[in-house]
Amino acid sequence: MKSIYSAALLLVAPAAMADMCRLDVSATDLMRFEQQTLQLEERCSEVEVTLHHTGRLPANAMGHNWVLSKTADVASVANAGSTAGRANNYQMPGDRRILAATKIIGGGESSTVRFSTAQLEPGTSYSYFCSAPGHLSLMKGRFVYNSTASSAVAKNLPK
Ligand SMILES: [Cu+2]
């Protein structure tokens, strides 16, 4: 069924990137993400995530990033990121457990990362978080990639 659906979309709009999706997530001066869950539809072969810092504090006081990993890897990726320091956006260079990440930004700024969903495995739990030191306990959420998640979860926008 999936391939039939894709073919029909291509006939209607041959130039459209039918499987490219977009997610927006906001972070605040109160050290929070405004979204607790991000859901990506199964049809999305690529996704562009944009982190918006809606606060006013500068990056050296309340900098945030958006990091995606398996839920099981979150704590160790964040620990490694603290060691890596601000110059590396609190991400250990070469850390393959990081599936996608933005840079550290301050109030009023935004940062976008684009990645393929091909690396996401069905049945695996994924989470996003901010890897700035001390932020993890308040700044994390679930990243859901499938087509059958609860309707209570906010949906992404087609791009
Ligand atoms: Cu943060």
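N89 is buried because 21 other C-beta atoms lie within 10 Å of its own; here a residue is called buried if 20 or more other C-beta atoms lie within 10 Å, exposed if 12 or fewer, and partly exposed in between, with C-beta atoms placed from the backbone. This is a predicted model, in which local features need pLDDT of at least 70 and side-chain atom pairs count only at pLDDT 80 or more, while totals for chains, interfaces and linings use all residues. Residues are numbered from 1 along each chain as its sequence is written.

The pLDDT, which is the predictor's confidence in each residue on a scale from 0 to 100, averages 87 over the chain, and 81% of the residues score at least 70. Residues 12-16 have a pLDDT below 50, and beyond near neighbours in sequence this stretch has 0 contacts in the model. Two residues are in contact if their C-beta atoms, placed from the backbone, lie within 7 Å.

The chain holds 3 helices and 9 strands, arranged along the sequence as α-β-β-β-α-β-α-β-β-β-β-β. Of the 159 residues in the chain, 28% are buried. Among contacts with a separation of 6 or more, 71% join residues 24 or more positions apart.

Towards β8, Y126 is bridged to F143. Along β7, Y126 and Y128 point one way and S127 and F129 the other way, and all are buried.

What does F129 touch, leaving aside its neighbours within four places in sequence? The contacts of F129 are V67, V74, A78, L136, M139 and K140. F129 also belongs to the largest nonpolar core, which has 29 residues and in which W66, V67, L68, Y128 and F129 have the most contacts. A nonpolar core is a set of buried Ala, Val, Leu, Ile, Met, Phe, Trp, Tyr and Cys residues joined through C-beta atoms within 7 Å. At least two residues of this core come from each of β1 (20-27), β2 (37-40), β3 (46-53), β4 (67-70), α3 (74-84), β5 (100-101) and β7 (126-129).

V74, V77, A78 and G81 are buried in α3. These residues lie on the same side of α3 because they cover an arc of only 100 degrees around the axis, the arc being that of the directions from the helix axis to the C-beta atoms. An α-helix has 3.6 residues a turn, so residues three or four places apart point the same way. On the other side of α3, A75 and T83 are exposed. The buried residues of the helix pack against β4, β7 and β8. A84, also in α3, is partly exposed because 17 C-beta neighbours fall inside 10 Å. Beyond neighbours within four places in sequence, A84 is in contact with Y90, Q91, M92 and P93.

Just after α3, G85 takes a positive phi of about 85 degrees. The loop between α3 and β5 contains N89 and Y90. Although N89 is not a glycine, its phi is positive, at about 60 degrees; Y90, likewise not a glycine, has a positive phi of about 55 degrees. Y90 counts as buried because it has 26 C-beta neighbours inside 10 Å.

Finally, V113 lies in strand β6 (residues 110-116). Is V113 buried or partly exposed? V113 is partly exposed because 18 other C-beta atoms lie within 10 Å. Neighbours within four places in sequence aside, V113 is in contact with V49, A100, A101 and T102. The C-alpha atoms of V113 and L51 are separated by 8.6 Å, with the two residues 62 apart along the chain.

Notes
Helices (H or I, at least four residues) and strands (E, at least two) are DSSP runs, numbered from the N terminus. Two strands pair if DSSP finds at least two bridges between them.
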